[in-house]
Amino acid sequence: MHTVIIVDDDKWALRDIQYSFRFRERGFEVIGAYENAESALEAIRLRPPDLIVSDVCMASASGLD
């Protein structure tokens, strides 16, 4: 199974992404969902995921950063 981390500063969008994409059915395990880039970066350093789904425009940092 592949791993995925989701990052979005909008908590409702974050929840929507988690439930809309049916990651498990497609062979992905969601190992983290974060509301800011800093928390996500720390988690990525500890356990790099196979896929990152990120909002591109967030208040503290770009999803591309």
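The model is predicted. Its 3 strands form an open sheet with parallel pairing, in the order β2-β1-β3, and helices α1 and α2 both lie against these strands.

**Sheet**
- Strands β2 (28-34) and β3 (51-54) stand at the edges of the sheet, and because each has a single partner strand, one side of each is left without a neighbour there.
- From one strand to the next, the twist averages 20°.
- The parallel pairing of β1 with β3 extends over 4 bridges, and among the residues involved, V4 has L51 of β3 as its bridge partner.

**Helices on the sheet**
- Helix α1, formed by residues 11-20, lies across β1, β2 and β3 and runs at about 155° to β1.
- Helix α2, formed by residues 37-46, packs on the sheet and touches β1, β2 and β3, with its direction making about 160° with that of β1.

**Residue T3**
- T3 belongs to strand β1, which spans residues 2-7, and it counts as buried because its relative accessibility is 9%, under the 20% cut-off.
- Beyond its neighbours within four places in sequence, T3 is in contact with F28, E29, I31, R47, P48, P49, D50 and L51.

**Aromatic pair**
- A search of the whole structure finds 1 aromatic pair, in which the rings of F21 and F23 have their centres 5.8 Å apart and their planes at 35°, so the pair is described as tilted.

Methods
Residues are numbered from 1 along each chain as its sequence is written. This is a predicted model: local features need pLDDT of at least 70, side-chain atom pairs count only at pLDDT 80 or more; totals for chains, interfaces and linings use all residues. Side-chain values use heavy atoms; hydrogens and water are left out. Rings of Phe, Tyr and Trp (its six-membered ring) pair if their centres lie within 6.5 Å; planes under 30 degrees apart count as stacked, over 60 as edge-to-face and the rest as tilted. Helices (H or I, at least four residues) and strands (E, at least two) are DSSP runs, numbered from the N terminus. Buried means under 20% relative accessible area, exposed over 50%, partly exposed in between (1.4 Å probe, protein chains only). Contact means heavy atoms within 4.5 Å. Two strands pair if DSSP finds at least two bridges between them. Axes are lines fitted to C-alpha atoms, for helices over the stretch in contact, and angles run from 0 to 180 degrees between N-to-C directions.
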